Amino acid sequence: MSRFLRLVLASVLLSLPSGFAALASSDAAWEEFAKDVAAKCTALAEGRIEQPKVVVDPFGTESYGVAIVTGKAVGADAVVSSICVYDKKTQTAEIGGVLPADQVTIAIP
């Protein structure tokens with residue numbers, strides 16, 4: 001392949017939206033991503049939510065993983081949920097405040 005054609009091909013590939021790379025990721029890679037998001041979000045829920053259940057958006061956004069953590073509030077009878085975001089670059093997570101069931105209803109099978 002000529003140098004010119006390689007440069008053109010490289011330019012085209014670099015101009016594709018970065019979300020295109022997500023299409024090329026393997027199922028195993030997305031599974032590992034979801035496990036990491038769930039583990040980090042569960043750890044952040046400690047002390048807030050008893051026996052948290054986590055639902056992870058399978059792909060998240062271009063930059064972030066997103067999950068909802070739900071369960072019984074520590075020290076109360078109320079069911080609460082929190083939104084958790086995971087930075088794909090740094091692989092760190094942050095969790096929002098608790099949202100009561102009368103504001104957000106999450107049913108996890």
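1. Gln51 is placed in strand 1, which covers residues 49-56. In this predicted model, the phi of Gln51 is near 40 degrees, a positive value in a residue other than glycine. Most residues other than glycine have a negative phi. Gln51 has a relative accessibility of 73% and therefore counts as exposed.

2. A positive phi is also found at Gln91, where the angle is about 60 degrees although the residue is not a glycine. Gln91 belongs to the loop between strand 3 and strand 4 (92-95). Because its relative accessibility is 45%, Gln91 counts as partly exposed.

3. Which residues make the nonpolar surface patch? Val55, Tyr64, Ile68, Ile83 and Val85 form this patch, with an area of about 380 Å². At least two residues of the patch come from each of strand 2 (64-73) and strand 3. Tyr64 is located in strand 2; with 39% relative accessibility, Tyr64 counts as partly exposed, since that class lies between the limits of 20% and 50%.

4. The structure contains one disulfide. The partners are Cys41 and Cys84, whose sulfur atoms lie 2.1 Å apart. The link is left-handed, with -85 degrees about the S-S bond. Cys41 and Cys84 are both buried.

5. How many aromatic pairs does a search of the whole structure find? The search gives three. One of them joins Trp30 and Phe33 in an edge-to-face arrangement, at 5.5 Å centre to centre and with 85 degrees between the planes. These two residues are three apart in helix 3, so about one helical turn separates Trp30 from Phe33. Both Trp30 and Phe33 are buried.

6. Phe33 also pairs with Tyr86, again edge-to-face, with 5.7 Å between the centres and 80 degrees between the planes. This pair links distant parts of the chain, as Phe33 lies in helix 3 and Tyr86 in strand 3, 53 residues apart. Phe33 and Tyr86 are both buried.

7. Trp30, Phe33, Phe59 and Tyr86 form one aromatic cluster.

Note on methods. Residues are numbered from 1 along each chain as its sequence is written. This is a predicted model: local features need pLDDT of at least 70, side-chain atom pairs count only at pLDDT 80 or more; totals for chains, interfaces and linings use all residues. Side-chain values use heavy atoms; hydrogens and water are left out. A disulfide is a pair of cysteine sulfur atoms within 2.5 Å. Buried means under 20% relative accessible area, exposed over 50%, partly exposed in between (1.4 Å probe, protein chains only). Patches are made of residues with over 30% relative accessible area and no salt bridge: like charges are joined within 9 Å, nonpolar side chains (Val, Leu, Ile, Met, Phe, Trp, Tyr) within 5 Å. Accessible areas come from the Shrake-Rupley method with a 1.4 Å probe; for residues, only the protein chains shown count as cover. A salt bridge is a side-chain nitrogen of Lys or Arg within 4 Å of a carboxyl oxygen of Asp or Glu. Helices (H or I, at least four residues) and strands (E, at least two) are DSSP runs, numbered from the N terminus. Rings of Phe, Tyr and Trp (its six-membered ring) pair if their centres lie within 6.5 Å; planes under 30 degrees apart count as stacked, over 60 as edge-to-face and the rest as tilted.
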